[in-house]
Amino acid sequence: MTEPAPQRRAARSVRAIVVGAASGAGERFARQLAANSAALLLVDRDELALARLRHAHACDILDERCVSGMFDAAERLLGGADLLVNAAGAGYVRTLGVMRASREFARRPRLARALIVNVAAAFDEAGGPFEYAGSRAAFTRLTDGLARAIEHSALRVITLDAIGQ
């Protein structure tokens, strides 16, 4: 008698919120996640660019109520999120957006491991626009501070350097 083939456990799909998904590094991140069958909530303040996308949510990340609503939308559409990609804005918008979105993500209850990816601007060290100059340093400090604050939780945080992307 032959033994039955072992059953494969279905891989749990990643449920990701990509902030800044309408262009640049956020769009590239969203495309890669979609190619790997992730369930996505695509977030950007550019409503026109989002109009063509499924599970899109227009949000200005400077508005705390909007950020909270973004996570509520992820609950409704995806059943929550276990990955947050922060890739929106420049300068203070980028820094405040990362802080607000990361804080709200950390505040939300979760049953499994989760990850925050803070995407450093592509221009940070390449001598690009002034608005991007400080965001890499700010991202590093925010990431380090958040990592210390959540070290005993199932949440992890990293900064991804997008230089040359």
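## Ground rules

Helices here are DSSP runs of H or I with at least four residues, strands are DSSP runs of E with at least two, and both are numbered from the N terminus. What you're looking at is a predicted model, where local features need pLDDT of at least 70, side-chain atom pairs count only at pLDDT 80 or more, and totals for chains, interfaces and linings use all residues. Residues are numbered from 1 along each chain as its sequence is written, and side-chain values use heavy atoms, with hydrogens and water left out.

## The sheet

Let's start with the strands. Six of them make an open sheet in the order S3-S2-S1-S4-S5-S6, with parallel pairing (two strands pair if DSSP finds at least two bridges between them). Strand S3 (56-58) and strand S6 (155-161) sit at the edges with a single partner strand each, so one side of each has no neighbour in the sheet. Direction ignored, neighbouring strands are turned by 15° against each other on average; axes are lines fitted to C-alpha atoms, for helices over the stretch in contact, and angles run from 0 to 180 degrees between N-to-C directions.

Helix H3 (residues 64-78) packs on this sheet, touching S1, S2, S3 and S4, and its direction makes about 155° with that of S2. Touching, or contact, means heavy atoms within 4.5 Å.

What covers S4 (residues 83-86), one face or both? Both faces are covered: Leu 83 and Val 85 are buried on one side, and Leu 84 and Asn 86 are buried on the other. Buried means under 20% relative accessible area, exposed means over 50%, and partly exposed is anything in between (1.4 Å probe, protein chains only). As a reminder, side chains in a regular strand alternate between the two faces of the sheet.

S4 runs parallel to strand S1 (residues 15-19), and four bridges join the two. It is also joined by four bridges to strand S5 (residues 114-120), again parallel.

## Helix H1

Helix H1 (residues 24-35) has twelve residues and reaches 17 Å from its first C-alpha to its last, close to the 16 Å expected at 1.5 Å a residue; the expected span is 1.5 Å times one less than the number of residues. Gly 26, Ala 30 and Leu 33 are buried in H1. Seen down the axis, the buried residues of H1 fall within an arc of 65°, so they line one face of the helix (the arc is that of the directions from the helix axis to the C-beta atoms). Arg 31 and Ala 35 are exposed on the other side of H1.

What covers the buried residues of H1 includes S1, strand S2 (39-44) and S4. Leaving aside residues up to four places away in sequence, Phe 29 touches Val 85, Val 117, Val 119 and Leu 160. Phe 29 and Val 85 are 56 residues apart along the chain, with their C-alpha atoms separated by 8.0 Å. Just after H1, Ser 37 takes a positive phi of about 65°.

Helix H4 (residues 91-107) has 17 residues and should span 24 Å at 1.5 Å a residue; its end C-alpha atoms are 24 Å apart, which agrees. Its buried residues include Gly 97, Val 98, Ala 101 and Phe 105.

A search of the whole structure finds seven salt bridges, each a side-chain nitrogen of Lys or Arg within 4 Å of a carboxyl oxygen of Asp or Glu. In one of them, Glu 64 meets Arg 100, with the closest N and O atoms 3.5 Å apart. Glu 64 lies in helix H3 and Arg 100 in helix H4, so the pair ties together parts that are 36 residues apart in sequence. Glu 64 is partly exposed at 45% relative accessibility, while Arg 100 is buried with a relative accessible area of 17%.

Arg 107 and Glu 104 form another salt bridge (2.6 Å, N to O). Both lie in H4, three residues apart, about one turn of the helix. Arg 107 counts as exposed at 55% relative accessibility, whereas Glu 104 is buried at 12% relative accessible area. Glu 104 also meets Arg 108 in a salt bridge (2.8 Å, N to O), and Arg 108 is buried as well. Salt bridges with shared partners join Asp 72, Glu 104, Arg 107 and Arg 108 into one network.
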